[in-house]
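Please take a walk through this model with the structure open beside you.

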Amino acid sequence: MPKPVDIKTDTILQGDCVARMADLPEGSVDLVFADPPYNLQLEGELYRPNQTKVDAVDDDWDQVGDFVTYDAFTRAWLGAAKRVLKPDGTLWVIGSYHNIFRVGAILQDLGFWILNDVIWRKTNPMPNFRGRRFTNAHETLIWASPGRGKRRYTFNYDALKQLNDGLQMRSDWTLPICGGPERLKVEGRKAHSTQKPEALLYRVILGATRPGDVVLDPFFGSGTTGAVAKRLGRLYVGVERDAEYVKLAQGRIAKVEPIEREALEVTRSRREEPRIPFGWIVERGLLPPGTVLTDIAGRHAAKVRADGTLVTSDAKGSIHQMGAHVQHLPACNGWHFWHFDAGKGERRPIELLRLKLRAELN
């Protein structure tokens, strides 16, 4: 078991992200979600066809400087984030075409290993009012591990599959931008110009962490990451240099009600389930030696031996080897092929016995 790391959680650290991350213990967080300045460098004001002004991103915090300055800034915060990540932790970073390619290149320069890029396709993007370019209808997220090593990272594949109506979760996510009651406002105006929707963070945190894990957001802003982390039973650490945003996020997160522990359980991956050898089924008496197994149609038969192997009229071996042998196939999943007599002429797959034993172990 890895040694626990002492880190103060469920807190917002005010100040420069690089400096404040330097104060955190090395290898102390399970996931970093970063929404850094995009450095849009917009010129002039933008108006809709009806001459109303567009509430664009023109905040001072988004103006980092030229490419050399922005790259140095990116290298500094990514290096700090890598230091505080656990070896089996991962990092998510989101950006637009203005910055994400530079961020991706620097990620790789620093030794991160890119696992996926995910396209967030916005259902309600802001139109291109000038009509000189395509509507910017998406943003890109990069998911990366600290290195290419063999250490495992958390990916709740089956949970995301269930979230997606039983279909494998793809790398293109269709979600609306933040709006309605979720959009924080101060005196009728957006409290934060780039507030991300909670649904986006829900998918990231549910898919890449477990309850009790520590999630760090070095650009905390209005606190979306902290709000979703608290709701999902994760711990959070936020870094934010703007005192008004810190106050805004604290008030927002204080209102969040965590999901009860039992409801936080998610569908586990088969890789995480305890391995059940067929021999355990035999020694527990669920299928005593001498039991005859057949395929679903009763055309092939094999007898269970005391050591958990099967024997047919001309061969012996594991449940998988014998399933392949009688069918003249190169391979076979014996758990699904072989059936036992459940009474009243009903044949049931031996997989049911494995599930029964696994449930007892869990």
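What follows is a short tour, one region at a time.

This is a predicted model, in which local features need pLDDT of at least 70 and side-chain atom pairs count only at pLDDT 80 or more, while totals for chains, interfaces and linings use all residues. Residues are numbered from 1 along each chain as its sequence is written, and side-chain values use heavy atoms, with hydrogens and water left out.

Start with the sheet. Eight strands form an open sheet in the order β1-β10-β9-β2-β3-β5-β4-β6, and their pairing is mixed. Its edges are β1 (11–14) and β6 (172–175), each of which pairs on one side only. On average, neighbouring strands of this sheet are turned by 20° against each other, direction ignored. Strands here are DSSP runs (E, at least two residues), helices are runs of H or I with at least four, and both are numbered from the N terminus. Two strands pair if DSSP finds at least two bridges between them.

Look inside the sheet at β2 (residues 29–34) and β3 (residues 85–95). These strands run parallel and are joined by five bridges. V29 has L85 in β3 as its bridge partner. Helix α7 (residues 243–254) packs on the sheet, where it touches β1 and β10 (235–240), and its direction makes about 175° with that of β1. Contact means heavy atoms within 4.5 Å. Axes are lines fitted to C-alpha atoms, for helices over the stretch in contact, and angles between N-to-C directions run from 0 to 180 degrees.

Now turn to the helix pairs. Two packed helices are described by the angle between their axes and the distance between the axes. Helix α2 (residues 67–84) packs against helix α3 (residues 100–109) at about 50°, with the axes 10 Å apart. The two are therefore oblique to each other. Under 35 degrees counts as roughly parallel, over 145 as roughly antiparallel, 65 to 115 as roughly perpendicular, and the rest as oblique. From α2, the contact uses F67, Y70, D71, T74, R75 and L78; from α3 come R102, V103, I106, L107 and D109.

Y70 also belongs to an aromatic pair. Its partner is F73, and the pair is tilted, at 6.0 Å centre to centre with 55° between the planes. Rings of Phe, Tyr and Trp (its six-membered ring) pair if their centres lie within 6.5 Å; planes under 30 degrees apart are stacked, over 60 edge-to-face, and the rest tilted. Both residues lie in α2, three residues apart, about one turn of the helix. The whole structure has 11 aromatic pairs.

Which helix does α6 (residues 224–231) cross at roughly 20°? The answer is α7, and the axes come within 9 Å. α6 and α7 are therefore roughly parallel to each other. Their crossing is right-handed. T224, G226, A227 and K230 in α6 meet R252, I253 and A254 in α7.

End at the hairpins. β11 (residues 292–294) and β12 (residues 301–304) pair in the antiparallel sense over three bridges, and T294 is partnered by A301 in β12. Six residues lie between these strands, and G298 in the turn has a positive phi of about 80°. Next, β12 pairs with β13 (residues 310–311), again antiparallel, over two bridges. V304 has L310 as its bridge partner in β13. This hairpin has five residues between the strands, and its G308 takes a positive phi near 90°.

Conventions. A crossing is left-handed if the near helix is turned anticlockwise from the far one by less than a right angle, and right-handed if clockwise.
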